[in-house]
Amino acid sequence: VQLQASGGGLVQPGGCLRFSCAASGSIFSINAMGWYRQAPGKQRELVAAITSGGSTNYADSVKGRFTISRDNAKKTVYLQMNSLKPEDTAVYYCNAGVLAYGSTWFNDYWGQGTQVTVSS
C-alpha cells in the first residue's frame, strides 16, 4: 500500500493551495483519511480528517479556511487550503487507515511529506 501526495509549495499569505493524496496497492477498504502537519520544532498535529462516510474533523486553527474531501472510488483525499497564514508553514503528510487484502486489521499508512511555505 502506498500513499502518493501531490501539491504544496510556496505561497503568499492569503493565498491558496490544494493537496491530493492517492492510495494504491492491495487495498480492500479504507477507513479514515486525513492530513497532518509538522512545523519545525513542533510535534506532528492533525489538520483535518474525513471518514469513509464523509464526516469531517478539523483542527481549530484551520476551521473555516481548509476543506477536506475524498473520492472513495479513486481512493483519494484532497485538502483545499484557503486564506493561508505564515503559521500554516509546515511539512504536510497524508494518512489513511487501510485494510489490505490478506490483513485482518486496519493499519496506518503515510504519504511522503510535502512542504508548504507561506511567506511574502
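This is a predicted model: local features need pLDDT of at least 70, side-chain atom pairs count only at pLDDT 80 or more; totals for chains, interfaces and linings use all residues.
1. Start with C21. Its relative accessibility is 0%, so C21 counts as buried. C94 also stands at 0% relative accessibility and therefore counts as buried.

2. C21 and C94 form a disulfide, with their sulfur atoms 2.0 Å apart. The link is right-handed, with 45° about the S-S bond. A search of the whole structure turns up one disulfide.

3. What of C16: is this cysteine buried, exposed or partly exposed? C16 has a relative accessible area of 47%, which lies between the cut-offs of 20% and 50%, so C16 is partly exposed. C16 takes part in no disulfide. The nearest cysteine sulfur belongs to C21 and is 20 Å away.

4. The largest nonpolar core holds 31 residues. W35, V47, F66, I68, L79, M81 and Y92 touch the most other members. The strands that each supply at least two residues are β1 (2–6), β3 (17–24), β4 (27–38), β5 (45–50), β7 (66–71), β8 (76–81), β9 (90–100) and β11 (114–118). Strand β9 gives the most, with five residues. In soluble globular proteins, nonpolar side chains tend to be buried together.

5. Y92 deserves a separate look. Which residues does Y92 contact, leaving aside neighbours within four places in sequence? F19, Y36, R37, V47, F66, L79, M81, Q112, G113, T114 and V116. Among these partners, V47, F66, L79 and M81 are also on the list of core residues that touch the most other members.

6. G15 lies in the loop between β2 (9–11) and β3. Not counting residues up to four places away in sequence, G15 touches M81, N82, S83 and L84. The C-alpha atoms of G15 and T67 are separated by 14 Å, and the two residues are 52 apart along the chain.

7. The largest pocket has a volume of about 160 Å³. Its lining consists of R37, A39, K42, Q43, E45, S61, P86, E87, T89 and A90. By class, the lining residues divide into four charged, three polar and three nonpolar.

Conventions:
Residues are numbered from 1 along each chain as its sequence is written. Side-chain values use heavy atoms; hydrogens and water are left out. A nonpolar core is a set of buried Ala, Val, Leu, Ile, Met, Phe, Trp, Tyr and Cys residues joined through side-chain atoms within 4.5 Å. Buried means under 20% relative accessible area, exposed over 50%, partly exposed in between (1.4 Å probe, protein chains only). Helices (H or I, at least four residues) and strands (E, at least two) are DSSP runs, numbered from the N terminus. Contact means heavy atoms within 4.5 Å. A disulfide is a pair of cysteine sulfur atoms within 2.5 Å. On a 1 Å grid over the protein atoms alone, a cavity is a set of points where a 1.4 Å probe fits but cannot get out, and a pocket is an open set with protein on both sides within 12 Å along at least five of seven lines; lining residues have an atom within 4 Å of a point. Grid points are joined across faces, edges and corners, and a volume is the space filled by probe spheres set on the points. Ala, Val, Leu, Ile, Met, Phe, Trp, Tyr, Cys and Pro count as nonpolar, Asp, Glu, Lys and Arg as charged, and the others, Gly among them, as polar.
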